[in-house]
Amino acid sequence: MSELLADNGITERVVPWPADLAHAYRAAGCWRGRPLGASLWEWAARRPERVAVVDGDVRLTYRDLAEHADGLATGLAASGLGRGDTVLVQLPNQWEFVVVTFACFRLGLVPVMMLPPHREHELASIGAHVGAKAIVVPDSWKGYDHQDLAERVAATLPHPVRVLVVGDEVRAGHVDVRGLIKQSGDPAARRQWLDEHAPSGSDVAVFLLSGGTTGTPKVIARTHDDYEYNIRRCAAACGFGPDTVYLAVLPAGHNFPLANPGILGALYAGGRAVLLPSPRPDAVFEAIEAEGVTATSAVPAVALRWIEAAAENTRDLGSLQHLHVGGSVLAPEVAARIGPALGCGLQQVYGMAEGLVCYTAPGASDEEAHGTQGKPISPFDELLLVDPDGEPVAPGEVGELLTRGPYTPRGYFGVPEVNRQSFTPDGWFRTGDLVRITPAGDLVVCGRVKDLINRGGEKISAAEVELLAQELPAVAEAAAVPMPDLELGERVCLFVRLHPGHSLTLEQLCTALTARGLAAFKLPERLEVLDAFRHTAVGKADKKVLRELL
Ligand code: AMP
Ligand code: DBH
């Protein structure tokens with residue numbers, strides 16, 4: 001009972017690994033039973049003056065990072081937030097993101113990694129689902145008032161929600177995050193208090209969002225134990241060490257730049273994380289030269305922009321050893337251009353916030369690096385390829401990938417009915433991806449069976465867009481379908497049937513969906529009005545027919 005009270009009830013909504021496997025993962029050294037914040041002061045003791053985090057002119061040493069994180073953690077504790085409480089974190093790539101994340105790890109407060117383009121629809125539904133007690137936002141970002149957004153979201157939630165703001169213009173009633181970070185106090189006393197109140201390795205460290213296929217995004221609970229293992233194995237797979245300078249340009253709340261190996265991988269290896277809020281080629285090339293960046297990651301659409309901009313580049317990119325590319329399918333022709341254009345090696349990444357991560361090796365042959373997504377990071381990852389009946393396919397054949405392992409949780413957070421679809425009774429996660437495995441053991445992603453649209457690595461649930469569209473008075477029926485696109489891979493096309501006497505333009509549709517608080521990257525970019533839909537045997541819109549129409 002005391003345990004449940006201590007974590008505010010989230011544990012009972014997390015699907016645990018079976019006890020015998022948890023024991024085996026501990027015995028094998030995968031799970032170390034330490035919270036993610038526990039290393040912070042060890043790092044600070046070992047390399048106090050080394051720079052850990054760079055954001056423009058701001059350079060935080062390892063000691064700064066430890067002191068700032070503890071300052072913020074104790075400030076948050078004083079405001080009544082504690083272990084097992086959840087907080088929506090919506091910050092662009094800035095140094096405070098790292099401090100907030102570590103403050104949460106120290107305190108056992110669980111950050112929910114939202115993305116800057118998320119709006120009321122996402123923030124309110126996820127805030128309600130996790131029972132968020134606080135929201136962290138920038139004052140404004142790209143001309144949008146996030147404090148106002150946070151207030152509106154807080155007002156929809158049934159319990160009090162603190163609005164924590166990073167910026168210069170913190171409004172009355174909101175909490176100034178920078179103020180808490182810089183607060184005075186005895187670092188040693190704070191450290192001791194936080195050490196004594198630290199979460200355990202099996203507690204939830206972070207909630208990640210899945211692109212998912214349901215009406216609202218699904219939430220994935222990653223424990224300190226499993227996420228630390230994930231970070232450690234990814235760092236090993238990418239050869240991260242003390243000389244690593246990792247550049248984060250994808251939104252930091254994504255699993256990929258956060259932990260695969262990303263920002264956290266660079267810090268756990270003793271290296272440095274450089275944060276940049278946009279993947280604009282000139283800014284990226286400038287940062288690579290200025291900071292001696294050794295590794296960075298990109299989705300294929302971003303990698304292509306960099307390749308194309310490289311012809312005009314005047315910066316020295318000589319420090320860059322590897323570019324990690326993942327999130328959606330990388331065409332082999334594009335893969336082959338990366339080395340010549342950017343002068344670095346390519347590691348393809350096939351990963352998911354649900355767990356499993358695969359990499360091609362740093363020194364892989366062109367055949368492997370350009371044409372496959374590599375091998376799993378852990379010898380304990382289990383892979384099974386099945387046909388539509390759930391039967392294993394023959395070696396080398398394409399099948400839906402099912403997976404289990406020490407960093408792939410056994411269910412989404414708090415949705416038992418969804419979990420019955422997304423996981424098999426014996427705990428395999430159904431990735432929804434169609435995959436084959438080469439004779440050398442490398443995965444090749446060949447397609448997918450799940451109903452989502454992958455817009456340049458940003459996953460959009462078809463059901464989420466359809467459900468909102470169907471709330472419009474004009475719409476009788478709606479089906480969101482991926483529209484092939486050279487630049488982003490896919491964009492959203494919405495097919496609709498209208499009620500008699502109604503009309504709808506793409507502009508009206510987007511205005512209405514925006515008013516309902518849907519993030520802009522999920523808005524349909526093409527609208528097709530049909531007189532009638534073909535249906536499958538179970539009465540759903542036949543999307544195969546619709547895809548062929550496109
Ligand atoms: P999410 O569940 O939102 O974290 O998204 C993970 C999904 O992104 C995977 O299940 C794949 O569908 C897709 N994905 C990730 N990496 C790759 C890749 N390298 N190639 C193709 N698809 C990928
Ligand atoms: O797309 C993803 O979610 C993804 C891609 C590459 C990911 O979560 C990852 C690596 O960890």
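How do the residues of the shell around ligand 2 divide into nonpolar, polar and charged? Four are nonpolar, four polar and one charged. (Ala, Val, Leu, Ile, Met, Phe, Trp, Tyr, Cys and Pro count as nonpolar, Asp, Glu, Lys and Arg as charged, and the others, Gly among them, as polar.)

Before you click on: this is a predicted model, in which local features need pLDDT of at least 70 and side-chain atom pairs count only at pLDDT 80 or more, while totals for chains, interfaces and linings use all residues. Residues are numbered from 1 along each chain as its sequence is written, chains are lettered from A and ligands numbered from 1 in the order in which they are written, and side-chain values use heavy atoms, with hydrogens and water left out.

**Stop 1: ligand 2**

Select Asn 255, Phe 256, Asn 260, Gly 327, Val 349, Gly 351, Met 352, Ala 353 and Lys 459, the residues around ligand 2 (those with a heavy atom within 4 Å of it). Now look for polar contacts, meaning pairs of N or O atoms within 3.5 Å; within protein, one must be able to donate a hydrogen and the other to accept it, and residues adjacent in sequence count only if both atoms are side-chain atoms. Asn 255 puts a polar side-chain atom 3.0 Å from an oxygen atom of the ligand. Met 352 has a polar backbone atom 3.4 Å from a ligand oxygen, and a backbone N or O atom of Ala 353 also lies 3.4 Å from one. Taken alone, ligand 2 exposes 290 Å², and the protein buries 91% of that (Shrake-Rupley areas, 1.4 Å probe; for residues, only the protein chains shown count as cover).

Colour by element next: helix 11 (255-259) and strand 16 (345-352) each give two or more residues to this shell. Strand 16 supplies the largest share, three residues. (Helices, H or I of at least four residues, and strands, E of at least two, are DSSP runs numbered from the N terminus.)

**Stop 2: a cis bond**

Zoom in on Asn 260 and Pro 261, which are joined by a cis peptide bond with omega about -25°. Pro 261 sits in the loop between helix 11 and helix 12 (262-268).

**Stop 3: the 25-26-27 sheet**

Finish on the open sheet of three strands, in the order 25-26-27 with mixed pairing (two strands pair if DSSP finds at least two bridges between them). Strand 25 (475-485) and strand 27 (526-529) are the edges, each with a single partner strand, so one side of each lacks a neighbour in the sheet. Strand 26 (489-498) pairs with strand 27 in the parallel sense over four bridges. To see one, pick Phe 495 and its bridge partner in strand 27, Glu 528.
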